[in-house]
Amino acid sequence: MRYVNSSNVKGRPVSQVNAQRGLSSRQETVPPAGRRQLSDMRIVQLFILPTIILLILMNIFPLIYSLFLSFTNYSVISSDPPVWVGLENYTHILSDPDFWHNFATTGTYALLSVSLQTIVGFALAMLLRSKFTGSGIITTLVLVPMMLSPIVVAVFWRLIFNPSFGILNPILGFTDINTSPEWLGDPALALWAIVIVDVWQWSPFVMLLCLAGLSAIPEYLYEAAAIDRASAWFQFRRITLPQVMPLLLIAVLFRTIEAFKQFDLVQGLTFGGPGDATETVSVELYRLAFQGQFETGLSSALAYIVLVVIIAISNLYIRALNRLREG
Amino acid sequence: MANIELRGVEKKFGDVFAVKPLDLTIKDGEFIVLLGPSGCGKTTTLRMISGLEAVTDGQILLDGRDVTWLHPSERDIAFVFQFFALYSHMSARDNIAFPLQAAGMARDEVKQRVGQVAALLRIEHILDRKPGALSGGDQQRVALARALVRRPAAFLMDEPLGALDAEFRETMRAEIKKLHLAQHATTVYVTHDQIEAMAMGDRIVIMSAAVVQQVGTPTEVYHNPANLFVARFIGSPGMNLVKAKVEAGGVRLPGGSLAPVSDRWRHALEGSGLKDGSVVLGFRPEAVQVRDGGALRAAVYADDLHGGYTMLHLELADGEIIHGRAARDALNALGSAVRFDLDPDMMRFFNPETEMAIPS
């Protein structure tokens, strides 16, 4: 341990010296007998191991186990062991019109909210693209909704939508409580209400990705286009849009996946009501799995159907993205 | 095709001049080269002509039409950018078709025009590739095709060969010159490479420190530089510039040799008001004639064989090095003393205080 002592004499602990020299040089400077040696590979493994264990326990095991359960009639509250029923859960779901209603609601919701927040987000990005006084602060403020918890957002908007004292109806010009729209109570409006809140909360996300895409477009392309006598609309259509498209598609992909999983906003705003007007697949899934019936087998099958749908849609986007890249 | 006229055009960034007031008339069909070291204002001048940069004062006329405050798209000019500025997400074909489609031209005509210009530049085989998959030379050809396809009144080129490899540059230089001759289009070409400028320009505009130093044909700027900057900047190596004193019968070089001067120059030097007869003598390397019994003395410092000729580096008595061309087979031992004369027709004189050439 002569090396350690001599290092300490100079006032620097040996560990600090080693840290400055990096791992490889440590093996040359420290005698192997003095300390336990760990190879780089071993250190890498030690760092990764906890994550792997966590992933297997929390994600991979439940994923495989629920696939197994989806072919059984298991319920977590019964003492009976799972009994294999084959495809019965799947045929039950796919032949039940109530489930198809849930799918239709989810699809409508996804289409409306994703397309609206894409348009709003892209428009915001175009507006905030050029720097002006206060554009930094405005960009930050626009991003705030994204940072709120969906449950908090739902509670806020329940107050805003409230027909007797909410602020939205007076702003829209409805002052008479008897004739003003009941956003969350009217089956024709409730889904739109959720769409509005989702657009409010997540348009900034689309904007953020679009801003990144827009700022990556080199200025000289617009100079070349000005020389080529392209109108503003032609420049937008032939330069801005195609250049932003890859990032826009990624934003749309993320939002579509989220929309198909929509649960927290619905649960916070309408609980799936009125009636089943806003009952998305996720809400129905939650009810099946955790409320009253505890139909673990059936809900696992439903979850797997949602998973397959999301994977299929993601694949469409990813293919479009690859086509853009390859040209 | 068009002539371009700049009247007192200037560009200021804050209080700093990027281009000091500049007057220049470019004739129809002329190939003008703006030449100067980086930061001299040549690119700014070009961008002002194009409209990509606004002037802070002055007027720009295209064919007599005042375009000073018109948008680039209203000037009927094409611009070739240094780094090509191709639309990276489009194929070469779509890049070339872009200006035509922007003008709303019919599909058949676009196809025909793109085909024509692609044939002219011999790039038909790469039309379906994207710019990222093309070599630098081909990218520049696509950029040229995009500029040519619209048949604009004038071409503006900002160091179009600057981003190319040296070997491509020679080829593309010849191609651009040939295109210019075929199209007879007014062209303003920016470069910092004086060899390129000499090879291509009908006239060269030499700029330095935001000011035009000289406008002239390649021969003029080479043989009769207007000032010391041009004398140094043009030529490779530049003009030899030696401090000397005017005396009866000639000019005395440092170290004592007296170079005889023709009568015409003697009168010009006497009438030019030089301070204590101090003058800068300038001569091109090819004015040096090494021979026994020459009037001037030097020692051989180094010699480089350039294939066709030898470049001699001669050390004058005060240690200054001058460059002289000599025959390919001339044998001069390093350090040996040589004598040489200067071709009297190729001597030029500059005022050391104003740095301006003294007219003969």
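The structure is a predicted model, in which local features need pLDDT of at least 70 and side-chain atom pairs count only at pLDDT 80 or more, while totals for chains, interfaces and linings use all residues. Residues are numbered from 1 along each chain as its sequence is written, chains are lettered from A in the order in which they are written, and side-chain values use heavy atoms, with hydrogens and water left out.

Let us start where the chains meet. Chain A gives 17 residues to the contact and chain B gives 25, where contact means heavy atoms within 4.5 Å. The size of an interface is often given as the accessible area lost when the parts come together. Here chain A and chain B bury about 1800 Å² between them, with 60% of it on carbon and sulfur atoms; buried area is the accessible area (1.4 Å probe) that two parts lose on being put together, summed over both. On the chain A side, A:I227, A:D228 and A:R229 lose the most area to chain B, together 37% of what that side buries.

Charged side chains also take part. The rule finds 3 salt bridges across the interface of chain A and chain B, a salt bridge being a side-chain nitrogen of Lys or Arg within 4 Å of a carboxyl oxygen of Asp or Glu. A:E223 and B:R47 meet in a salt bridge, at 2.5 Å from N to O. Which elements of chain A supply two or more residues to the side that touches chain B? They are helix 10 (219-227) and helix 11 (232-260), and helix 10 gives the largest share, 7 residues. Helices (H or I, at least four residues) and strands (E, at least two) are DSSP runs, numbered from the N terminus.

Now follow B:R47 into chain B. B:R47 also forms a salt bridge with B:E53 (3.3 Å, N to O), and B:E53 in turn pairs with B:K11, their closest N and O atoms being 3.9 Å apart. B:K11 lies in strand 1 (residues 4-13) and B:E53 in the loop between helix 1 (42-50) and strand 4 (57-62), so this pair ties together parts of chain B that are 42 residues apart in sequence. Put together, A:E223, B:K11, B:R47 and B:E53 are linked in a network of salt bridges. B:K11 is buried, at 8% relative accessible area, whereas B:E53 is partly exposed, at 21%; buried means under 20%, exposed over 50%, and partly exposed in between (1.4 Å probe, protein chains only).

Elsewhere in chain B, B:R203 forms a salt bridge with B:E30, with the closest N and O atoms 2.5 Å apart. B:R203 is in strand 9 (residues 203-208) and B:E30 in the loop between strand 2 (16-26) and strand 3 (31-35), so the pair ties together parts that are 173 residues apart in sequence.

Finally, look at chain B as a whole. Chain B is divided into domain 1 (4-232) and domain 2 (238-350), with bounds from an automatic or database domain assignment. The C-alpha centres of the two domains lie 39 Å apart, and 9 residues of domain 1 are in contact with 9 residues of domain 2. The area buried between these domains is about 780 Å², and the count between them is 0 salt bridges.
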